[in-house]
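Below are my notes, point by point, to read with the model open beside you.

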Amino acid sequence: MNVLLVGSGGREHAIAWKLAQSMSGQLYIAPGNPGTAMYGKNVDIGPNDIAKLVDFAKTQSIGLAVIGPEDPLAAGAVDAFTEAGIKAFGPGKGAAQLEADKAFAKHIMRTNAIPTAESRIFDQFEDAKAYIASRDEAVVVKAAGLAKGKGVFVCNDPSDGILAAEKIMCDRAFGQAGDTVIVEDKLLGQEASILAFVDGRSIYVMESSQDHKPIGDADTGPNTGGMGAYSPAPVVTEPLIKQIVKEILVPTVDGMNRNGTAYKGVLYAGIMITQGGPRVLEFNVRFGDPETQPVLMRLKSNLLEVMLAVCDGCLEQVTLEWDPRPAVCVVMASGGYPGDYEKGKKISGLDQAAQLKDVVVFHAGTAEKDGDIVTAGGRVLGVTALGDTIADAKTRAYEAAGTIDFDGAYYRRDIADKAIQ
Ligand code: AMP
């Protein structure tokens, strides 16, 4: 079967790497990156050019389209492929609102008694300002729409909260995504990402993981798309997974069915483990980036088979096998990210890193230029390693990152420390 994978980040490199292990047909990646080109043919169509993607799929006898990023999912890519008679992995447009519209997600949580932070929703800045000013406690201010993981401000006092609302609603830092804001209570605890395959009915929880959003060591500085991740997350114990399935995942899948927006694909719940139990911080409607890199490094089973089972609604017939060894992914970024940064810096040491055992260097923001691999984005590479322990996986990932260099390369030095402690 031929497969079309849509996207160009580290997540898509990891999916391509995993799919290629069990595919007999041709893998196409649109638009892909130099990393995905090692496992299939990159096709020069943007991830949001849905009509062109569907046309391409028709001409190449694509049996399955896999949509990596949230934007095409929110724009209805899965619906478009399905209408053309092509199976597509991911939620339809209605279900993708769970990520694309945080106000919708809050509505689903509220109506299905799913534990989350208390919140208020505003579409007028003055109302948001008055509410934040009336509060004594710290608040979190979020743009309701898609903002590449950067539309969330965890504020320590009301004045910071008002500045955040102003940035989102008045300065329109995230455009239309900031027409509505959510102001919610700040929760305390450890975070974990729970990713599950969902086929509309059945839920299969993957191995746990944790990402590192802030740019700086010890979680300092502004949030990014994610600076690294590890799997498993030791805070996520068996009883906690059972509780998360019962109190969060099952009511979400049932609630989405009742809402007429049945859920299929990867459901990703960002959870805060508070003293009062797990609370949802956010839902994502696709594999997380960079959590996917360490999670898929640990998946031993056939990913294509699982994705087809999700599309066909027969997930209960599939069993998944995982490598018990932990994995750690260190993201190497361009200097200046998440602010301005330069592109086109030549990357050296990739071949040397690739020779290390149980290490995969996933490409994210890279491009090929005159036979060299150069930087082409904020997050450039996800250097991922398996190890006997999390500490061992961390050492090995950093050893591999140490062999790679480009002008201005930056990476956090404390990825996975939380898990090691
Ligand atoms: P989100 O994209 O909604 O997951 O938010 C990004 C990050 O902001 C999360 O990973 C948390 O670290 C933080 N965050 C979001 N909501 C809250 C909250 N209610 N309380 C504390 N931290 C939060």
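1. Let me start with a pairing to look up: which residue in E17 is the bridge partner of alanine 269? It is phenylalanine 283. Please keep in mind throughout that the model is predicted.

2. That bridge belongs to the pairing of strand E16 (residues 264–274) with E17, which is antiparallel and runs over seven bridges. Both strands sit in an open sheet of four strands, ordered E11-E10-E16-E17 and paired in the antiparallel sense. Strand E11 (203–205) and E17 are the edge strands; each has a single partner strand, so one side of each has no neighbour in the sheet. From one strand to the next, the twist averages 35°.

3. A helix covers part of this sheet. Helix H11 (residues 303–312) packs on the sheet and touches strand E10 (190–199) as well as E16. The direction of H11 makes about 70° with that of E10.

4. On to the other sheet I looked at. This open sheet also has an order you can trace by eye: E6-E9-E7-E8, four strands with antiparallel pairing. Here strand E6 (119–122) and E8 are at the edges, and each has a single partner strand, so one side of each is left without a neighbour in the sheet. Ignoring direction, neighbouring strands are turned by 15° against each other on average.

5. Within this sheet, E7 and E9 pair over five bridges in the antiparallel sense.

6. Helix H7 (residues 125–133) lies across E6, E7 and E9 and runs at about 155° to E6. Helix H8 (residues 158–169) lies across E6, E7, E8 and E9, and runs at about 5° to E7.

7. How many residues surround the ligand? There are 15, and the closest are Glu184, Asp185, Leu187, Glu191 and Glu282. By class, the shell divides into seven nonpolar residues, one polar and seven charged.

8. For glutamate 191, a polar side-chain atom lies 2.4 Å from an oxygen atom of the ligand. In glutamate 282, a side-chain N or O atom is 2.9 Å from an oxygen atom of the ligand. Taken alone, the ligand exposes 470 Å², and the protein buries 92% of that. Two or more residues of the shell come from each of strand E7 (139–143), strand E8 (152–154), strand E9 (181–185) and strand E17 (277–284).

9. Finally, some backbone details to check. Most peptide bonds are trans, and most residues other than glycine have a negative phi. The peptide bond from alanine 30 to proline 31 is cis, with omega near -5°, and proline 31 is in strand E2 (residues 27–31). The bond from tyrosine 337 to proline 338 is cis as well, with omega near 10°; proline 338 is in the loop between strand E18 (327–333) and helix H12 (350–354). Alanine 113 has a positive phi, near 55°, and lies in the loop between helix H6 (102–111) and E6.

Definitions and conventions. Residues numbered from 1 in each chain as written. Predicted model: local features only at pLDDT ≥ 70, side-chain atom pairs only at ≥ 80, totals over all residues. Heavy atoms only, no water. Near = heavy atom within 4 Å. Polar contact = N/O pair within 3.5 Å; in protein donor to acceptor, adjacent residues only side chain to side chain. Areas by Shrake-Rupley, 256 points an atom, 1.4 Å probe, with all protein chains shown as cover. Nonpolar A, V, L, I, M, F, W, Y, C, P; charged D, E, K, R; others polar. Pairing = 2+ DSSP bridges. Axes fitted to C-alpha atoms, helices over the stretch in contact; angles between N-to-C directions. Contact = heavy atoms within 4.5 Å.
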